[in-house]
Amino acid sequence: MKFNSVFDIIGPVMIGPSSSHTAGAVRIGKIARDFLDEDCRWARIHLYGSFAKTSKGHGTDVALVGGLLGFSTDDRRMRQSLDLARNKGIKIDFLEDTAATDHPNTVRIKIGNDHDDVEVVGISIGGGKVQIIELNGFSLRLSGNHPAVLIMHNDRAGAIASVTKILAKHQINIGHMEVNRKDVGKEALMVIEVDQNVSDTILTELEEADHIIQVSKIVT
């Protein structure tokens with residue numbers, strides 16, 4: 001693995017013990033929470049590979065739940081996250097999954113409430129860095145290192161142009177963008193990493209653009 005700085009090796013400021021199994025897990029949980037855009041009432045967490053084998057010993061379980069509660073990597077409430085979630089009435093099930101994965105630190109998180117549900121697959125690649133590789137069945141590549149806008153839309157001509165026109169009008173620079181669809185003419189997903197956080201006002205404008213179904217954002 002290529003490291004860009006010493007912080008890629010030692011990881012972020014965090015409640016330990018592991019940048020991969022703890023800090024990375026927090027970030028994956030928090031991103032899943034951001035996708036739902038409100039508090040979850042239940043969670044089913046599938047752990048794979050090393051995550052499954054060392055979950056309790058390295059605090060992966062409490063870290064993932066801490067992320068679902070919106071905690072940062074250095075939040076001192078992390079150690080009590082399971083109790084705090086239980087006190088909030090959140091039902092959480094952990095499952096050790098034996099399915100083969102491309103990376104040993106892989107987790108599939110399904111969360112929901114009375115209004116909506118979300119399924120996210122993430123991997124912790126070391127130093128607290130993560131990649132989100134799947135959202136509701138759509139393959140994607142999202143680092144979580146930059147603000148991002150995720151847009152579910154109908155696969156129609158003009159959908160992408162309507163979104164990029166709004167971002168350009170508000171001088172939001174796009175750093176990375178990808179589009180994925182399950183089938184021609186069906187639902188598609190735009191993943192747009194940008195250089196600055198996008199305001200709720202702009203999100204509302206995006207929701208009203210042509211062929212848009214749902215908009216969510218990742219804040220850094």
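1. Let's begin with His-153, which sits in strand β7. Please keep in mind that this is a predicted model. Is His-153 buried or exposed? With a relative accessible area of 2%, His-153 is buried, because anything under 20% counts as such.

2. What surrounds His-153, once neighbours within four places in sequence are set aside? Its contacts are Ala-159, Val-179, Lys-186, Glu-187, Ala-188, Leu-189, Met-190, His-211, Ile-212 and Ile-213. One of these, Ala-188, stands opposite His-153 in strand β9. The two strands involved, β7 (residues 148-154) and β9 (residues 187-194), pair in the antiparallel sense over seven bridges.

3. Now step back to the sheet around this pair. Four strands make an open sheet in the order β8-β9-β7-β10, with antiparallel pairing. Because β8 (174-181) and β10 (212-218) each have a single partner strand, they stand at the edges, and one side of each is left without a neighbour in the sheet. From one strand to the next, the twist averages 15°. Helix α7 (residues 200-207) packs on this sheet, where it touches β7 and β10. The direction of α7 makes about 160° with that of β10.

4. Seven of its ten residues are buried, so β4 is largely enclosed by the rest of the structure. On one side of the pairing list is strand β3 (residues 105-112), which joins β4 in the antiparallel sense over seven bridges. The two form a hairpin with four residues between them. Strand β5 (residues 129-135) also runs antiparallel to β4, and six bridges join them.

5. Which residue is it paired with in each neighbouring strand? Gly-122 is the bridge partner of Val-107, and it stands opposite Ile-132 in β5. If you follow the chain from β4 into β5, you will pass a hairpin with two residues between the strands, where Gly-127 takes a positive phi near 65°.

6. Not counting residues up to four places away in sequence, Ala-32 touches Leu-68, Ile-109, Ile-111 and Val-120. Ala-32 and Val-121 are 89 residues apart in sequence, yet their C-alpha atoms are 8.9 Å apart in space.

7. How many aromatic pairs does a search of the whole structure find? The count is zero.

8. Finally, some totals for the whole chain. The protein chain has seven helices and ten strands. Of its 220 residues, 46% are buried. Among contacts with a separation of 6 or more, 68% are between residues 24 or more positions apart. The accessible surface comes to about 11,100 Å², and carbon and sulfur atoms account for 47% of that area.

Key: Residues numbered from 1 in each chain as written. Predicted model: local features only at pLDDT ≥ 70, side-chain atom pairs only at ≥ 80, totals over all residues. Heavy atoms only, no water. Phe/Tyr/Trp six-rings, centres within 6.5 Å; stacked < 30°, edge-to-face > 60°. Pairing = 2+ DSSP bridges. Axes fitted to C-alpha atoms, helices over the stretch in contact; angles between N-to-C directions. Contact = heavy atoms within 4.5 Å. Buried < 20%, exposed > 50% of the residue type's maximum accessible area, 1.4 Å probe, protein only. Areas by Shrake-Rupley, 256 points an atom, 1.4 Å probe, with all protein chains shown as cover.
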